[in-house]
Amino acid sequence: MSDEILMDIKKDYVLSKLRDGERIDGRKFDEYRKIEIETGIISKAEGSALVKIGNTQVVVGVKMQPGEPFPDAPDKGIIITNAELVPLASPTFEPGPPDENAIELARVVDRGIRESEAVDLSKLCIEEGSKVWLIFIDIHALDDDGNLMDASALAAIAALLNTTVPAERFEVGEDFPLPVRDLPVAVTSLIVNNNILVDPCRDEVSVGENFMTITTDQDDNIVAMQKSGSYLLSEEKFYELIDISIAKAREIRELLKDV
Amino acid sequence: MSNVSRKIVLPGDLLSTNPKAAGYGTYVENGKVYAKTLGLLDKSNTGVRVIPLKGRYIPSVGDVVVGIVREVTANGWIVDIHSPYQAFLPLQENPESKPGRKINEILDLGDAIIAKVLNIDPKMKVTLTMKDRVCRAIRFGRIVAINPARVPRVIGKKGSMIKLLKSELGIQIIVGQNGLIWLSGDRRKVSIAEEAIYIIEEEAHTEGLTDRITEFIKKRKGEIEDERGSGNP
Amino acid sequence: MNEEAEILKRVGEKPQLIIDGKRLDGRDFEELRPIKIEAGVLKRADGSCYLEMGKNKVVAAVYGPREVHPRHLQDPSKAIIRYRYNMAPFSVEERKRPGPDRRSIEISKVSREALEPIIMKELFPRSGIDIFVEVLQADAGTRTACLNAASVALVDAGIAMKGIVTAVAVAKVDGHLVLDPMKDEDNYGEADLPFAFVIRNGKIESISLLQMDGRMTADEVKKALEMAKRGAMEIYKLQREAVMRKYQGEEVE
């Protein structure tokens, strides 16, 4: 409860600034906070990345091990994505199994990676029909100052770029870098009174948890979309969101090229 | 003004062997005085105390606080004062209460108020009153939130910093001990005051902070005048 | 690292852990692994700390005092302390399923009990103080690393406490006592003893966490205690320094 009062105060401030056409931290409506990407921070993981967007921080670790393939895809590797919104990251997160927000976050990040075919799963077969590589993408929130979604998606792809398949440890061959052939980027916006605020910070979210996430691949195809929040979206705003998301994803993709 | 260096102390640091010297932020055990929290050590002729650098707001009787009404009950209002402890404002402690007036017409869910802590019982049940000159319902203006441990810094020695902001900007400012500050007046001047408050919160009482804040305010005021002059709304 | 040891481990045999008076990672018996501590690293938490001890990487956050929900869990006379030790799935060699397991629950309990006696709970009746620690990378001694981080996070949050808690483990390995065991020493040693001490004004005053796994003589246990105390004092200095570094801008009046 003691943080509720801050949200009330911030809400008024966000709305009053919006009426002047401004955001509370002086950003443009389509401007991201400072983004930092650091890979290889967890040496025990097969791949890892820490992403900071402003004060928001997320760690993603990639672990791999051999496992049984799905019967309908006997020669394809398997991706399993999970998100832990641990109580450390926010006064509003409770200990326990993933709630609907954690599950939604993991599934949207997963969709972006899967539908863009960023990882060529057919290269992850060890023995057709009996052994394939399982890729566990584990998202661990550390500090929620808004937009965990984009930070998680970015950390996931950065971690995959950083991943080495541990074939030697399991005695199935030589280690090799995980083949990543696309760079899906998620762009989340907050919809407030007909305004689109890209990369909302926590204080801005106090107005209402009405988001739109659009993930695109390196050819500007849309590979995932998620309207999140109980609000009504107009067609006009929707088209605007698509244009903005493609443009911002292109900018962020540049950062991944240095990874 | 002398530049006194204040040492940072951690919980358990020994401050004095004279139990009579034990002041705020310390505890006594076996005749020795220790620091209770992270803070700045303040040694004087009267004793030792620790000025906390962090910590949630814990109410004290007499504190002026800014709060928001969370619940309307049959005999008063439950108020959120940004503390682990909720506060209660009884009907009879609000001068606007009159027989025949509906409770939620006097103060409703979400209304902001400035009140004073009247009483705290051993279970930390906090009772508020609005029967004081400084108290009022807040119908306009802005509320700014800072770390409650920094409130003395924002107020300044003998209220000097607050007086400076008020006189330079011509706005109303009421500082709640709970780290919530009410600002009211011209929108742009209020904005400048808010920025100034964040600067004061951040920077130590370094020599010349008062001058720097005065400079900052003058500069910002100048920018507003320029905008007005060039015909911008 | 030692190649012979790696080969022995692969075939499931216990490697020699002390070679020519040195440990497998080259340390002396009483040498701690490299430690890095940073206070106040998270924005949302009231207090926080990032800590590395050897290859361990942990983050601790403190929230509180804050309201306890649901109401019936409130204690009218004091604050309720919660400690949650959690390992990230990618923190260990073989991916760990998310969520508390029996080991995490036990560690959470004894860690909470190590901190509770020094937190002035009676000052905050009906409230709660939550301590959350996440292990991002594990390499033996996570519980002591986490306690050290939690201790700094509590100070950073401004929580009223009697002193500071500092933790370190001692192991018995190939007949010798060693300080701050690393993974192989932990797995293949004869005994493992994690300790935590309450330190006040730079002096160790009491033991707040004590566990043992293995077999030792009473005499060895006493020697282990002395070794742990010496190690703890070194770590305590680093904890203090981390807090000082964070707040040093505050000192001038």
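**Salt bridges, interfaces and helix packing in the predicted model**

The side chains of A:Asp120 and A:Arg181 meet in a salt bridge, with 3.3 Å from N to O, the term being applied to a side-chain nitrogen of Lys or Arg within 4 Å of a carboxyl oxygen of Asp or Glu. Because A:Asp120 lies in the loop between helix 2 and strand 5 (125–127) of chain A and A:Arg181 in the loop between strand 8 (176–177) and strand 9 (185–192) of chain A, the pair ties together parts that are 61 residues apart in sequence. Helices (H or I, at least four residues) and strands (E, at least two) are DSSP runs, numbered from the N terminus. Over all chains, the count by this rule comes to 59 salt bridges.

The model is predicted, so that local features need pLDDT of at least 70 and side-chain atom pairs count only at pLDDT 80 or more, whereas totals for chains, interfaces and linings use all residues. Residues are numbered from 1 along each chain as its sequence is written, chains are lettered from A and ligands numbered from 1 in the order in which they are written, and side-chain values use heavy atoms, with hydrogens and water left out.

Between chain B and chain C, 37 residues of chain B are in contact with 35 residues of chain C, contact meaning heavy atoms within 4.5 Å. The area buried between these chains is about 3,300 Å², of which carbon and sulfur atoms give 52%; buried area is the accessible area (1.4 Å probe) that two parts lose on being put together, summed over both. On the chain B side, B:Ile8, B:Leu10 and B:Lys54 lose the most area to chain C, together 17% of what that side buries. The count between chain B and chain C is 5 salt bridges, and the side chains of B:Glu29 and C:Lys162 meet in a salt bridge at 3.8 Å, N to O.

Between chain B and chain A, 16 residues of chain B are in contact with 11 residues of chain A, and the buried area is about 1,200 Å², with 57% given by carbon and sulfur atoms. In chain B, the most area is lost to chain A by B:Arg70, B:His82 and B:Arg142, together 35% of what that side buries. The rule finds 2 salt bridges across this interface, and A:Asp20 and B:Arg187 meet through their side chains in a salt bridge (2.5 Å, N to O).

Within chain B, helix 3 (residues 160–169) and helix 4 (residues 187–202) pack at an angle of about 155 degrees, with their axes 10 Å apart; axes are lines fitted to C-alpha atoms, for helices over the stretch in contact, and angles run from 0 to 180 degrees between N-to-C directions. The two helices of chain B are therefore roughly antiparallel to each other, where angles under 35 degrees count as roughly parallel, over 145 as roughly antiparallel, 65 to 115 as roughly perpendicular and the rest as oblique. The contact is made by B:Met161, B:Leu165 and B:Leu169 of helix 3 and, among others, B:Ile192 and B:Ala196 of helix 4.

Within chain A, helix 2 (residues 100–115) and helix 3 (residues 148–161) pack at about 45 degrees, with their axes 10 Å apart, which makes helix 2 of chain A oblique to helix 3 of chain A.

In chain C, the peptide bond from C:Gly64 to C:Pro65 is cis, with omega near 0 degrees, and C:Pro65 is placed in strand 5 (residues 56–67).
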